[in-house]
Amino acid sequence: MEEFDVVVVGAGTAGCLAAKTTAEAGLKVCLVERKKREEIGEKICGDALGEHHLKALGLEKPQGGELEKRIEGIKIYSPNLETVFTIEHEDFVGYLLNRRLFGQWLLKKAVDGGATLFDSTQCLEPISERNFVTGVSAKNLKTGRTVELRGKVVVDASGFMAVVRRKLPKKTGIENEVANEDVEACYREMRQLKQEGEDTKYCEIYLSQKVTPGGYAWIFHKNGAKVNTGLGVCMRGKFPNPKTQFYQHILTKPLFEGSLLLDGGAWYDPLRRPLDNMVGNGVAILGDAACLVNPIHGGGIGPSMLSGYLAGKTIVDALEKGEASRELLWPFNCRYMEMYGAKQAGLDVFRRLLIASRDEELDYGMKYALLTEEDVLKAGLGEDFHLKMTDTVKRVFKGLKKMRFLNRLRLTVNMMKQVRVHYKSYPETVEGFPRWQVKVETLFKQAKSKLKE
């Protein structure tokens, strides 16, 4: 048995930031990771990171090849490809990453800060005593030996698999499972094109309920005529195989003629609002394990890093006061909901509209500017926006027999505002949480019911 102040499970973006932040404050920290040290950072991912996330965390831009290509915004294509929204704003400027190098860069910061790395070590389950999480049992994959790593607080940053969260006692007060309808199954390939395309400074997103029900396809151009491309589908009912959809509908584009496969693979993204509560006695849940992924574009690197930093600061404060109780870790919930959670929850409502909309409705909505580039930008920034319901638009949509879509869109805008307002009033103490959570559940039940297909 080894003892630490903080046991961080998962050396991804959230885990490395949590380990770095707590270790630099003088705490004894260990970082538990199933992968070998040299493989940390490798992940099936879209590889995109907004520049503003680095600024918000006070991190300098890495200079060792971690940032492969600068991107200036996003292009969103309607299902019939006739309308393209170009979204340009400082929050949508960023980089396509060399994921392994970026992960190694973050790992070095954690280790240089004083964290001890246990690589090739698989977390098996949390250890709980007297209503507190007090450590984890883990298996050294090199020796086969099982060890206990004890800590005053355990951080679950193990990604979608959430190896700690899923095995927490119910009385901890943290959701164990995430519904399939809130998960996207994704398939991605790295491809070498025959030649670099024109105007590759934008990330391209393609909407189509027929090809990617509840999700989207993407083409992200990297340097040297390399492309990160893939798609995701919502895991509702009998959802299609994402790899099959990719080969039938994306790889058949002229762009990929004669291209070479460099790497491919599948993964899962939780696309929903954050866990209502991410802390318990002696435990905090971060990153993908806490469903901290943008519900619209699936980006999770920035929010994960933010959660690691905020949780790390909160853990330091809690241990200075004595122990990592649920009450003393509670400010992490408040800080995250204020900085990103409210925006994320509002976008979860917008996601439900997209899931319920048919391709022809999205085509008309974009073509006739019922939903504009400015609206999409404001939604992405977590700001209020107002639909331009002119008499002309109403007549057009009535004539097209699309009034149902128009009304659902109007309802979505109103419900997004309600949700964001509610999240901005996240309870500052544990005592106020039950009442707040009841209203959250009511709001999302209404959204699911009123925005259904």
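Colleague: Is Glu-181 buried, exposed or partly exposed, and how does one read that?

Modeller: This is a predicted model, and the reading rests on relative accessible area, where under 20% is called buried and over 50% exposed. Glu-181 has a relative accessible area of 26%, so the residue counts as partly exposed.

Colleague: Which side chain does Glu-181 meet in a salt bridge?

Modeller: The general idea is that a side-chain nitrogen of Lys or Arg must lie within 4 Å of a carboxyl oxygen of Asp or Glu. Here the side chain of Glu-181 meets that of Lys-448, at 2.9 Å from N to O. This pair links distant parts of the chain, since Glu-181 lies in the loop between strand 11 and strand 12, whereas Lys-448 belongs to helix 11 (residues 433-450), 267 residues apart. Lys-448 is partly exposed, because its relative accessibility is 45%.

Colleague: Which parts does the salt bridge between Asp-317 and Arg-335 tie together?

Modeller: The side chains of Asp-317 and Arg-335 meet at 3.6 Å, N to O.

Colleague: Is Glu-361 buried or exposed?

Modeller: Glu-361 has a relative accessibility of 2%, and therefore counts as buried. Its side chain meets that of Arg-358 in a salt bridge of 3.2 Å, N to O, while Arg-358 itself is partly exposed, with a relative accessible area of 41%.

Colleague: How many salt bridges are found in the whole structure, and which residues are linked in a network?

Modeller: A search of the whole structure gives 29 salt bridges. Asp-47, Glu-68, Arg-188, Lys-222 and Asp-263 are linked in a network of such contacts.

Colleague: How should I read the phi angle, and what is its value at Arg-130?

Modeller: Most residues other than glycine have a negative phi. At Arg-130, however, phi is positive, near 50°; this residue sits in the loop between strand 9 (121-129) and strand 10 (132-140), and it counts as exposed because its relative accessibility is 74%.

Colleague: Where does Ala-162 lie, and is this residue buried or exposed?

Modeller: Ala-162 lies in the loop between strand 11 (146-156) and strand 12 (183-192), and its phi is positive as well, near 45°. Ala-162 is buried, because its relative accessible area is 0%.

Technical notes: Residues are numbered from 1 along each chain as its sequence is written. This is a predicted model: local features need pLDDT of at least 70, side-chain atom pairs count only at pLDDT 80 or more; totals for chains, interfaces and linings use all residues. Side-chain values use heavy atoms; hydrogens and water are left out. Helices (H or I, at least four residues) and strands (E, at least two) are DSSP runs, numbered from the N terminus. Buried means under 20% relative accessible area, exposed over 50%, partly exposed in between (1.4 Å probe, protein chains only).
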